[in-house]
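Me: I would like to learn how to read a protein structure, one feature at a time. Can we go through this one together?

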Amino acid sequence: MGDAGCVHFASYVKEYGYEPYSYVHGYFSACVNKEARLRKALSCLCYKCGSSGPQLYCCLHCIYFACKGAHITEHYKHTKHFMALELCYGMLYCYQCRDFIYHSKCQTIAERHLWLEARSLDKSLSWRPWSPSRLEIELLLKNPKRRHVTALTSIGLRGLLNLGSTCFMNCIVQALIHTPLLRDYFLAELHECTAKTAAKCLVCEVSRLFQEFYSGARGPLSLHRLLHLIWNHARHLAGYEQQDAHEFFIATLDVLHRHCKTSMKEQAAKAAAAAAAAAAAAAATDKSKSSSSSTQPNSHQPMQHSGSNYLQQQGAAQQDGAGALAQSGPNALPLSTAGNQSQGGANTATGTANQAEPNQTQCNCIIDQIFTGGLQSDVVCQACNGVSTTIDPFWDISLDLGESSNGQGGYGGPPRSLIDCLERFTRAEHLGSSAKIKCNKCNSYQESTKQLSMRTLPIVASFHLKRFEHSSLIDKKISTFISFPAELDMTPFMSQIMSDQQQQQQQQSAVPHSPSSSSSSFNERTGGANGSSTGTSLNSDSTARLPVDKNTADFRYSLYAVINHVGTLDAGHYTAYVRHQKDIWVKCDDHIITTATLQQVLDSEGYLLFYHKKILEYE
């Protein structure tokens, strides 16, 4: 086989085209739908011995199945049909070359079929190594110079100029730049924007910043364009006074989310218009063909080779099945973001923005894929043990650092670690007689308890330590040292885990007078048949309602960025620690970048903490 590929396969394609390969691979190798799996089970048997393997070949000239070795070789010698497809791995074999061959277009067809197969079986695609596209190959050939990334490289590190009390913005940008999945998304130039909105699109500006950070230059950058866009889209942050870094972080995610959503809508509209135009052109072509065939009813039809009638009959069925599979599939992450889920006013799961969108639809933008999680709130009636469950999306979790207002069920002093904060955040709290909630079972207002837990966790878990306390009497900063780990396990705070623990406690206590209510309460918490779940839930997110698989799920996180506030409430300064590479940390103080140790990071005060999931489950 030469550099241009197999010449025998080129002659085969010239005579038969790609349709035989596409149909055989889609029905007998990848199996793109249920019908294909049924036909493979019934038809894929060796015509010589009747076995189904272990390695079966299919002739691409006449749809003849035979075992590897003597049976398929005998067919080749008898018919001179030299092209065959190995069905187990979907590889092309040329008997004239006596070797497996590669063809780029066939590889593209095969990848499409594997994707359809995964969608049809509701499973994840197996991992495949990255291969450059034609455009990427051209770019690599045009730019032969390569940058060798070493352990001490400064690529990806840039200082940021302070434009006048803009240290809050610099720190958030440094944290976003060093978010691994966000970096991969923008460096791959996956964001597409129209010319009309590109000048006003914050996502385009962030994409440009990623290119600047990883260009290899070392000079500090000015974020005046980013600041101007934020001012236009988040008016409450406009001005040169010092702003809260957490507020800026949420506003930035909100604007990025809205702009990503706009770009996705525009792309969908373009795709729909192109599909409509293609359908109209195809209809016009079919109409012209039908009119020409009606004028020539006795026109000569060329003789077709053996097996082609079967392939043509399967073509329409395969295309129909592929279209149906393309329309189906799992729901994407929800677009909606959490409002304020308060627990006695102490703990808050913060989401966007000031105005909720009236028609909340699905959103699969990069922001929601990375930062959106699901917070479950269980309100239990004290009279009948009825449970009202709501699940709301969140972008980060705000944790209170003050004295606990409720000493029941735990300590009443301030927390000393991030784990203490999370335990207090997910601790059941008695709402009291002044906050009675109407129970749908009792049909009356009853006292209740409320408990928060994590239904689903995002890829990036961000925690906001509420160090700024505002009241009618005094505004102050809480400078208490809160320890936080480099590696964080969120398993104890998952909804399913907490429900299992409560069930075990109920079984151990074995209260004799109310066994049914205990089991009923647990069933209601976990969405069992006996439970009644009320309230707003993420119905669009099917995965949020599935129970956590304790045997396979992994909820371990690794710290990669910390934002600190130094000074007082009136006069302070923000700095950031970011993980540049594995075990290499740097301190970002506006335009000054210095190396740091992990111990220095863990000894810092901590205002915003960013953790990245260690193991990702691909869909």
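Me: Which strand does His-580 lie in?

Reply: This is a predicted model, so treat each value as computed from the prediction. His-580 lies in strand S19, which covers residues 572-581.

Me: Is His-580 buried or exposed?

Reply: The cut-off for buried is under 20% relative accessible area. His-580 has 13% relative accessibility, so it counts as buried.

Me: What is the distance between the C-alpha atoms of His-580 and Thr-179?

Reply: The two C-alpha atoms are separated by 9.9 Å, although His-580 and Thr-179 are 401 residues apart along the chain.

Me: Next, cavities. How is empty space found inside a model?

Reply: A probe the size of a water molecule is rolled over the atoms, and this shows where empty space is left. In this structure there are 3 cavities of 30 Å³ or more. The largest cavity holds about 80 Å³ of space.

Me: Which residues line the largest cavity?

Reply: The lining is made of Val-173, Leu-176, Ile-177, Val-206, Leu-209, Leu-226, Phe-248 and Thr-252.

Me: Now charges. What can happen when side chains of opposite charge come close?

Reply: Such side chains can pair when their charged atoms come close. The structure holds 11 salt bridges. One of them joins the side chains of Glu-35 and Arg-39, at 3.3 Å from N to O.

Me: Where do Glu-35 and Arg-39 sit in the helix?

Reply: Both are in helix H3 (residues 34-43), and because they are 4 residues apart, about one helical turn separates them. Glu-35 is partly exposed, with a relative accessible area of 31%. Arg-39 is also partly exposed, at 29%.

Me: What is the N to O distance in the salt bridge of Glu-205 and Arg-225?

Reply: The side chains of Glu-205 and Arg-225 meet at 3.4 Å, N to O. This pair links distant parts of the chain, with Glu-205 in helix H9 and Arg-225 in helix H10 (residues 224-233), 20 residues apart. Glu-205 is buried, with a relative accessible area of 4%, whereas Arg-225 is partly exposed at 45%.

Me: Which residues are linked with Glu-205 and Arg-225 in a network of salt bridges?

Reply: Arg-208 and Glu-212 are linked with them in the network.

Me: Last, aromatic rings. How many aromatic pairs are there?

Reply: Rings pair if their centres lie within 6.5 Å. By this rule there are 18 aromatic pairs. Take Tyr-47 and Tyr-64: their ring centres are 4.9 Å apart and their planes meet at 85°, so the pair is edge-to-face. Tyr-47 lies in the loop between H3 and strand S1 (56-59), and Tyr-64 in the loop between S1 and strand S2 (65-67), so the pair ties together parts 17 residues apart in sequence. Tyr-47 is partly exposed, with a relative accessible area of 48%, and Tyr-64 is buried, at 17%.

Me: Is the pair of Phe-186 and Phe-210 stacked or edge-to-face?

Reply: Phe-186 and Phe-210 are stacked, with 5.1 Å from centre to centre and 15° between the planes. This pair links distant parts of the chain: Phe-186 is in helix H8 (residues 180-187) and Phe-210 in helix H9, 24 residues apart. Phe-186 is buried at 2% relative accessibility, and Phe-210 is buried with a relative accessible area of 0%.

Me: Which residues do ring pairs link into a cluster?

Reply: The cluster consists of Tyr-57, Tyr-76, Tyr-93, Tyr-95 and Phe-100.

Notes: Residues numbered from 1 in each chain as written. Predicted model: local features only at pLDDT ≥ 70, side-chain atom pairs only at ≥ 80, totals over all residues. Heavy atoms only, no water. 1 Å grid on protein atoms, 1.4 Å probe; cavity = no way out; pocket = protein on both sides within 12 Å on 5 of 7 lines; lining within 4 Å. Points joined across faces, edges and corners; volume = space filled by probe spheres on them. Salt bridge = Lys/Arg side-chain N within 4 Å of Asp/Glu carboxyl O. Helix = DSSP H or I, 4+ residues; strand = E, 2+ residues; numbered from the N terminus. Buried < 20%, exposed > 50% of the residue type's maximum accessible area, 1.4 Å probe, protein only. Phe/Tyr/Trp six-rings, centres within 6.5 Å; stacked < 30°, edge-to-face > 60°.
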